[in-house]
Amino acid sequence: MVFQSGTIVSWGDRHQAAEVDGEVVLLNLSDGHYFGLDEVGSTVWRFLEVPISVDKLCAALQTRYIGPKDKIVQDVLVLLEDLHEHGLLKVSA
Amino acid sequence: LTISSLQPALTDLWPEFQLVVACCRWPSSSITEERVRALSIEPIDWTRVLRIAHRHRVVGLVHRSIVSYGVDVPPDISLAFSTQAKKERSRATMAAMEAVRLNNAFKAAGIRAISLKGASIAMLAYGNLGLRQAKDIDFLIPQVSFAAMSDVMEIAGYLRTEPATSISEEGFRRWLGEAKGTEWKHRVTGMLVEIDWKLSLGPSSRSSQLLLGKSQQVRILPDAELTTLSEDNLVLYLCLHGSSHSWFRLKWLADVGALLQARTPGEIAEIYRLAGTLRLTPAVGQALLLCAEFFGIQLGDALYHDLRNHWVLRRLRASALRYMLVGKGEVELTELPPKTTVQTASHFLLARGAWTLSARATHLLKPFELLISTGLPAKAASLIPDIAIPDWLVNQLHRRENRG
């Protein structure tokens, strides 16, 4: 999946989420696979509750975390691809 | 009334074990804090505390107490507790979410599933998923739903591991008659699920099924509930479960203690009376005696004297204590050479001696198919009469005291 800056992303429909010590644990309801997100991943996940474009998501993260913009964008795209691959992300153009 | 002494007393045991027990007392209180602090200033082998907490599956409870009471713990041990507790919280949360997913699938297939132990108890006892360690998920379903349940589990990604799918048709038919349930493992995540149709085996098998008569809904996640036994029946079931394993994990007793902590002595006496009607007196009496001693559960003078003066219950208490402490309380039973005297004696006192022998024979011949291949009669185990002498003895002692 190639994400463009204007691609709109949000939570998928088939998951259950819970927080443990501020970190999100996800369960894919279709296949029973579960995933743990670290602190940054959990922050990204919370932003995805309402549909948001990739560039707005990255911009929001830049206000929270210190680091080169390229690195933040790259890490976000990797996470989005991972979530999408596991059926946890809804994507619209 | 003379109070018989309980030997050994909890205070005679290693301070590390006493500390772990004190940390398992729920909820937090000034009494508990004082006790934990007093024990933690004694010379304590903290590595041993960690090992005992791990073996008894109470890392989360001990970690919570250490942190909330500000106990001074060596940094490496503190880190180990923190890491392990976090791992267990994640695991318990994942198990809870998976339990909800399976429960919804059962519901959609028209199967009435009751959640046993796991997330339901974590929420009822501690109001928190993360304090109670969860190795697996337990459900109870009507046996008539077995085929539908198997379909649900396979679609959900599980493989049946007990009995193995390779079992013969005849063997499987006999399994349904003799065993109490099945075990499943997720093909990818490795999550373990036990799905039973009986709450227990042996003499208490029939009476324990009566516990299913009342149920309750428990909120597990903000948007999800599970059905479990009513709270009194859950206490009785947990006593039955713990006693059948000789309470070798403190976790089980801590659960019972946490469920009883808000009960009045009168309510606890009522639970004990209910246990009598279901022929569960020895198991429940044993648990109450231990909870009073370990966690300060208030039983009321009459019941406390009653339990403490019964030699059967004192013997059962001593058996449980020995089992909790076997391998210095820090070594897994599977790592020890097979010494089963304590548990076997305990099972006889719990009126399940004959069953223990038959079950042990089954265990030795595992997998189950081997038992079948020996050509033993299909109902061999159930033909062995129950030994009800300990129950009879307890009843006689009750009657004698009531007359007195």
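Trainee: Is B:Glu225 buried, exposed or partly exposed, and what is its relative accessibility?
Mentor: This is a predicted model, so keep that in mind. B:Glu225 has 32% relative accessibility, so it counts as partly exposed.

Trainee: What does B:Glu225 form a salt bridge with?
Mentor: With B:Arg219. The closest N and O atoms are 3.1 Å apart.

Trainee: And how accessible is B:Arg219?
Mentor: B:Arg219 is at 44% relative accessibility, which makes it partly exposed.

Trainee: What about B:Arg263? Which residue is its salt-bridge partner?
Mentor: B:Asp232, with the closest N and O atoms 2.7 Å apart. That pair links distant parts of the chain, 31 residues apart. B:Arg263 sits in the loop between α11 and α12 of chain B, and B:Asp232 is in helix α10.

Trainee: Buried or exposed, that B:Arg263?
Mentor: Buried, because its relative accessibility is 16% and the cut-off for buried is under 20%. B:Asp232 comes out at 27%, so it counts as partly exposed.

Trainee: How many salt bridges are there over all chains?
Mentor: A search of the whole structure gives 23. Take B:Arg51 and B:Glu330, whose closest N and O atoms are 2.7 Å apart. They are 279 residues apart in the chain. B:Arg51 lies in helix α3, while B:Glu330 lies in the loop between α15 and α16 of chain B.

Trainee: How accessible are those two?
Mentor: B:Arg51 is partly exposed at 38% relative accessible area. B:Glu330 is buried at 14%.

Trainee: Which residues are linked with them in a network of salt bridges?
Mentor: B:Glu16 and B:Arg48. Together with B:Arg51 and B:Glu330 they are linked in a network.

Trainee: New topic: the two chains. How much area do chain B and chain A bury between them?
Mentor: About 1400 Å², with 65% of it on carbon and sulfur atoms. In chain B, the residues that lose the most area to chain A are B:Met94, B:Met97 and B:Arg101. Together they make up 40% of what that side buries.

Trainee: How many residues does each chain bring to the contact?
Mentor: Chain B brings 16 residues and chain A brings 16.

Trainee: How many salt bridges cross that interface?
Mentor: Two, by the rule used. In one, A:Asp21 pairs with B:Arg89, with the closest N and O atoms 2.4 Å apart.

Trainee: Which helix gives the most on the chain B side?
Mentor: Helix α5, residues 75–108, with nine residues. By class, the chain B side that touches chain A has seven nonpolar, four polar and five charged residues.

Trainee: Back inside chain B. Where does B:Asp255 lie?
Mentor: In helix α11, residues 250–260. B:Asp255 is buried, with a relative accessible area of 1%.

Trainee: What does its side chain make a polar contact with?
Mentor: The side chain of B:Tyr126, at 3.0 Å. Beyond its sequence neighbours within four places, B:Asp255 is also in contact with residues including B:Ile121, B:Arg132 and B:Leu238.

Trainee: One more helix. How many residues of α13(B) are buried?
Mentor: 14 of the 15, so the helix is largely enclosed by the rest of the structure.

Trainee: What span should it have?
Mentor: At 1.5 Å a residue, α13 of chain B should span 21 Å. Its end C-alpha atoms are 20 Å apart, which agrees. Just after α13(B), B:Gly296 takes a positive phi of about 65°.

Notes
Residues are numbered from 1 along each chain as its sequence is written. Chains are lettered from A and ligands numbered from 1 in the order in which they are written. This is a predicted model: local features need pLDDT of at least 70, side-chain atom pairs count only at pLDDT 80 or more; totals for chains, interfaces and linings use all residues. Side-chain values use heavy atoms; hydrogens and water are left out. Helices (H or I, at least four residues) and strands (E, at least two) are DSSP runs, numbered from the N terminus. Buried means under 20% relative accessible area, exposed over 50%, partly exposed in between (1.4 Å probe, protein chains only). A polar contact is a pair of N or O atoms within 3.5 Å; within protein, one must be able to donate a hydrogen and the other to accept it, and residues adjacent in sequence count only if both atoms are side-chain atoms. Contact means heavy atoms within 4.5 Å. The expected span of a helix is 1.5 Å times one less than its number of residues. Buried area is the accessible area (1.4 Å probe) that two parts lose on being put together, summed over both. A salt bridge is a side-chain nitrogen of Lys or Arg within 4 Å of a carboxyl oxygen of Asp or Glu. Ala, Val, Leu, Ile, Met, Phe, Trp, Tyr, Cys and Pro count as nonpolar, Asp, Glu, Lys and Arg as charged, and the others, Gly among them, as polar.
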